[in-house]
Amino acid sequence: MTFRIATLLPVSLFVVMGMVLAVGLNRDPKILPSMLLNHQLPQFDLPPLDAGNPKMSSDEFTGKGLTLINVFGSWCVSCRYEHPLLMSISKDPRFKLVGIDWKDGADEARQFLLQYGNPYALIGADVSGRTAIDLGVSGAPETFVIDGKGQVRLRIPGPLTPQIWDQQIEPLIREAQKAL
Amino acid sequence: MIRALFAVFIFLASIGSAFAVLPDEMLKDAALEHRARAISQELRCLVCQNESIDDSDATLARDLRMIVRERLTAGDSDAQVIGFVAQRYGNFVLLKPPFQADTVLLWLLPFLFLAIGLFAAWRYFKQPGADTLELENELLKGD
């Protein structure tokens with residue numbers, strides 16, 4: 001009986017499919033690529049959470065070094081989980097941490113910040129949720145890293161962890177420091 | 001009797017999804033509302049990822065439904081409305097993915113597998129018959 005390559009075909013197909021599916025199994029389908037990655041931050045203008053504070057405009061993130069935009073809400077459970085990390089980085093002078101209070105009541109948001117601390121240099125209130133939709137936000141918390149040119153360099157859906165910080169955000173901060 | 005119960009059950013089961021779109025969201029213009037429903041059924045809800053925004057009770061889905069209706073009222077075409085959402089959330093929100101470079105495999109693999117299957121079937125059903133016929137002829141000759 002002659003040996004035929006065709007007999008190996010099903011086996012090799014099976015191996016290839018197995019590898020493709022194994023990669024697929026290990027990817028989190030909830031994590032979607034951001035449409036904004038390496039694009040200019042969309043225009044927005046948000047009123048401050050507290051009257052009297054400056055409003056938050058997308059224009060002010062250009063030409064001022066690195067900015068971290070954190071989308072949060074007092075109703076958001078995982079925001080409480082990442083909050084201690086935000087508090088610990090809030091005094092870092094290498095970047096500015098600002099918050100977008102997403103679909104929240106002003107009183108609830110103030111209470112939340114009173115209770116857990118306020119890590120943000122600036123807070124914009126996105127009551128209608130329109131700005132969040134322009135940013136492609138699908139759930140809170142979500143964090144964007146904006147570079148000095150006003151471009152989105154990174155989007156982290158879900159709570160920040162020390163691991164994400166060290167592996168993904170810290171390198172961008174160092175890169176921005178070098179560029180200065 | 002069982003049939004009647006079954007019908008009642010199906011009706012009750014359908015209520016939940018039928019009322020995701022709240023009356024206050026609907027447009028007065030029936031034609032526009034009809035287009036809005038059709039568009040909403042093609043857009044994926046990002047919170048509960050296997051539902052369309054038309055079926056979903058999530059707040060984000062509701063907000064997106066309102067945006068769809070706003071854009072339509074402003075005079076956008078269906079494609080422009082879908083483009084508006086896809087520009088923000090990517091092609092992932094399209095329940096029917098577009099045919100483009102990175103989705104070629106997705107669209108063409110079924111046809112490729114069908115072709116492979118048909119070819120295999122053709123080989124399987126044709127060859128043995130032909131072989132046995134040849135064998136029979138040889139045996140007959142031998143007699």
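Guide: A salt bridge is a side-chain nitrogen of Lys or Arg within 4 Å of a carboxyl oxygen of Asp or Glu. The model shown here is predicted. A search of the whole structure finds 17 salt bridges over all chains.

Visitor: What general idea lies behind such pairs, and which residue forms a salt bridge with A:Asp45?

Guide: Side chains of opposite charge can pair when their charged atoms come close. In this model A:Lys55 forms a salt bridge with A:Asp45, with the closest N and O atoms 2.7 Å apart. A:Asp45 belongs to strand S1 (45-46) of chain A and A:Lys55 to the loop between that strand and strand S2 (56-57), so the pair ties together parts 10 residues apart in sequence. A:Lys55 is partly exposed, at a relative accessible area of 45%.

Visitor: Is B:Glu25, which forms a salt bridge with B:Arg65, buried or exposed?

Guide: The cut-off for buried is under 20% relative accessible area. B:Glu25, at 5% relative accessibility, therefore counts as buried, and B:Arg65 is likewise buried, with a relative accessible area of 2%. The closest N and O atoms of B:Glu25 and B:Arg65 are 2.7 Å apart. This pair links distant parts of the chain, 40 residues apart: B:Glu25 is in the loop between helix H1 (2-18) and helix H2 (30-40) of chain B, and B:Arg65 is in helix H3 of chain B.

Visitor: Which parts of chain B does the pair of B:Arg35 and B:Asp78 tie together?

Guide: The side chains of B:Arg35 and B:Asp78 meet in a salt bridge, at 2.7 Å from N to O. B:Arg35 lies in helix H2 of chain B and B:Asp78 in helix H4 of chain B, so the pair ties together parts 43 residues apart in sequence. Both residues are partly exposed: B:Arg35 has a relative accessible area of 28%, and B:Asp78 is at 30% relative accessibility. Elsewhere, salt bridges that share partners join A:Asp50, A:Asp107 and A:Arg110 into one network.

Visitor: Let us turn to the interface. How many residues of chain B are in contact with chain A, and how much area do the chains bury between them?

Guide: The size of an interface is often given as the accessible area lost when the parts come together. Here chain B and chain A bury about 1,400 Å² between them, and 58% of that area is on carbon and sulfur atoms. B:Gln49, B:Arg88 and B:Tyr89 supply 36% of the area that chain B buries against chain A, more than any other three residues. By contacts, 17 residues of chain B meet 15 residues of chain A.

Visitor: How many salt bridges are there between chain B and chain A, and which elements supply the side of chain B that touches chain A?

Guide: There are three salt bridges between chain B and chain A. In one of them, the side chains of A:Asp134 and B:Arg88 meet at 2.7 Å, N to O. The count of residue pairs in polar contact between the two chains is four. Helix H3 (59-73) and helix H4 (78-89) of chain B each supply at least two residues of the side that touches chain A. The largest share, seven residues, comes from H3(B). That side of chain B divides into nine nonpolar, four polar and four charged residues.

Visitor: How is a nonpolar core read, and which residues have the most contacts inside the largest one?

Guide: In soluble globular proteins, nonpolar side chains tend to be buried together. The largest nonpolar core in this model has 68 residues, and those with the most contacts inside it are A:Phe44, A:Ile69, A:Phe144 and B:Leu43. Leaving aside residues up to four places away in sequence, A:Ile69 touches residues including A:Leu41, A:Phe44, A:Phe61, A:Val98 and A:Phe144.

Visitor: Finally, what of the backbone: where is a cis peptide bond found, and which residue has a positive phi of about 60°?

Guide: A cis peptide bond joins A:Ala140 and A:Pro141, with omega about -5°. A:Pro141 lies in the loop between helix H4 (130-134) and strand S6 (142-146) of chain A. A:Asn38 has a positive phi of about 60° although it is not a glycine; A:Asn38 is in the loop between helix H1 (9-25) and S1 of chain A, and is partly exposed at 47% relative accessibility. A:Lys103, also not a glycine, has a positive phi of about 45°. A:Lys103 is found in the loop between strand S4 (95-102) and helix H3 (106-116) of chain A, and is partly exposed, with a relative accessible area of 25%.

Notes
Residues are numbered from 1 along each chain as its sequence is written. Chains are lettered from A and ligands numbered from 1 in the order in which they are written. This is a predicted model: local features need pLDDT of at least 70, side-chain atom pairs count only at pLDDT 80 or more; totals for chains, interfaces and linings use all residues. Side-chain values use heavy atoms; hydrogens and water are left out. Contact means heavy atoms within 4.5 Å. Buried area is the accessible area (1.4 Å probe) that two parts lose on being put together, summed over both. A polar contact is a pair of N or O atoms within 3.5 Å; within protein, one must be able to donate a hydrogen and the other to accept it, and residues adjacent in sequence count only if both atoms are side-chain atoms. Helices (H or I, at least four residues) and strands (E, at least two) are DSSP runs, numbered from the N terminus. Ala, Val, Leu, Ile, Met, Phe, Trp, Tyr, Cys and Pro count as nonpolar, Asp, Glu, Lys and Arg as charged, and the others, Gly among them, as polar. A nonpolar core is a set of buried Ala, Val, Leu, Ile, Met, Phe, Trp, Tyr and Cys residues joined through side-chain atoms within 4.5 Å. Buried means under 20% relative accessible area, exposed over 50%, partly exposed in between (1.4 Å probe, protein chains only).
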